[in-house]
Amino acid sequence: MTAEPKIIDDVEEVVVPEVVLLPVEDVASPVADIKEPEKKSFPRRGGDRDRGGRGRPQRGPRKDRDERRSEFAQKLIGIRRVARVMAGGRRFNFSVAIVLGDKKGRVGVGLGKAADTALAIEKATRAAKRGMLTINLTKTRSIPRNVEAKYCASVVEIRPSPGRGLVAGSSVRAVLELAGISDVTAKLLSRSKNPLNNARAAMTALKAVSKK
């Protein structure tokens, strides 16, 4: 005879431990307890002297310097690289021609030469300021009469033309624009293509209608 299996009616209850969730602030972070090392500050070498150096005056802010320079508008009309043959080889210099004006009747033409383009432009700017003219403008920002001049091989004629605006070419237009002159017609009566000579011929012509 086979034994009948016993049926167990009693079921044991399993007790599950209760999980308690802690807020983030109550959890201690091991990283937060670590303190950063204090930074030591050492005195600057030279004491409380200014950074300008020994007795060297401090330069003003860049914005003020740019405002002083922006009084005149400038236009580059020619730049050349000139080579000179020396015993050790060739040396290069730069020649820069520039027109400077405030568009209110003042204009000048300058030439600068140096081994660096920036220095050549600075020299040309100073030369243009030294030879600046003040033009007698009419109410329509024109010139009172016809003028004509010759410089080297360049011959320029400038005559007023009411209502036409500025009609000019080559570097003569740059001179008239930066002088603030309008309603004029300029004509090159020569074959010269030299922008510096054309600009200086225009300056020579404008001398006849400039303030003494």
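Colleague: How many nonpolar, polar and charged residues does the lining of the second largest pocket have?

Modeller: By class, that lining has six nonpolar, three polar and two charged residues. Here Ala, Val, Leu, Ile, Met, Phe, Trp, Tyr, Cys and Pro are counted as nonpolar, Asp, Glu, Lys and Arg as charged, and the others, Gly among them, as polar. The model is predicted: local features need pLDDT of at least 70 and side-chain atom pairs count only at pLDDT 80 or more, while totals for chains, interfaces and linings use all residues. Residues are numbered from 1 along each chain as its sequence is written, and side-chain values use heavy atoms, with hydrogens and water left out.

Colleague: What is the volume of the second largest pocket, and which residues line it?

Modeller: The general idea is that rolling a probe the size of a water molecule over the atoms shows where empty space is left. A pocket is an open set of points on a 1 Å grid over the protein atoms alone, where a 1.4 Å probe fits, with protein on both sides within 12 Å along at least five of seven lines; lining residues have an atom within 4 Å of a point. Points are joined across faces, edges and corners, and the volume is the space filled by probe spheres set on them. In this case the space is about 160 Å³. The lining consists of Ile77, Gly78, Ile79, Arg80, Ser95, Ala97, Leu111, Lys113, Asn194, Pro195 and Leu196.

Colleague: Which elements supply at least two residues each of that lining?

Modeller: They are strands E1 (73–86), E2 (89–101) and E3 (106–114) and helix H4 (195–206). Elements are DSSP runs numbered from the N terminus: helices are H or I, at least four residues, and strands are E, at least two. E1 gives the largest share, four residues.

Colleague: In what order do E1, E2, E3 and E4 stand in their sheet?

Modeller: Two strands pair if DSSP finds at least two bridges between them. In this structure the open sheet has the order E1-E2-E3-E4, with antiparallel pairing. E1 and strand E4 (133–134) each have a single partner strand, so one side of each lacks a neighbour in the sheet. Helix H2 (residues 117–130) packs on this sheet and touches E1, E2 and E3, its direction making about 145° with that of E3. H4 lies across E1, E2, E3 and E4, also at about 145° to E3. Contact means heavy atoms within 4.5 Å; axes are lines fitted to C-alpha atoms, for helices over the stretch in contact, and angles run from 0 to 180 degrees between N-to-C directions.

Colleague: How many bridges join E1 to E2, and how many join E2 to E3?

Modeller: E1 and E2 are joined by 13 bridges, and alanine 73 stands opposite glycine 101 in E2. Their hairpin has two residues between the strands. Eight bridges join E2 to E3, where valine 99 has valine 109 as its partner. That hairpin has four residues between its strands, and lysine 103 in the turn has a positive phi of about 60°.

Colleague: Which side chain meets glutamate 71 in a salt bridge?

Modeller: A salt bridge places a side-chain nitrogen of Lys or Arg within 4 Å of a carboxyl oxygen of Asp or Glu. The partner of glutamate 71 is arginine 106, at 3.9 Å, N to O. Glutamate 71 lies in the loop between helix H1 (62–69) and E1, and arginine 106 in E3, 35 residues apart. Arginine 106 also has threonine 134 in E4 as its bridge partner.

Colleague: What is the strand order of the sheet that has mixed pairing?

Modeller: The order is E5-E6-E8-E7 in an open sheet of four strands. Its edge strands are E5 (147–151) and E7 (166–167). E5 pairs with E6 (residues 154–160) in the antiparallel sense over five bridges, and tyrosine 151 stands opposite serine 154. Helix H3 (residues 170–179) packs on the sheet, touching E6, E7 and E8 (184–188), at about 150° to E8.
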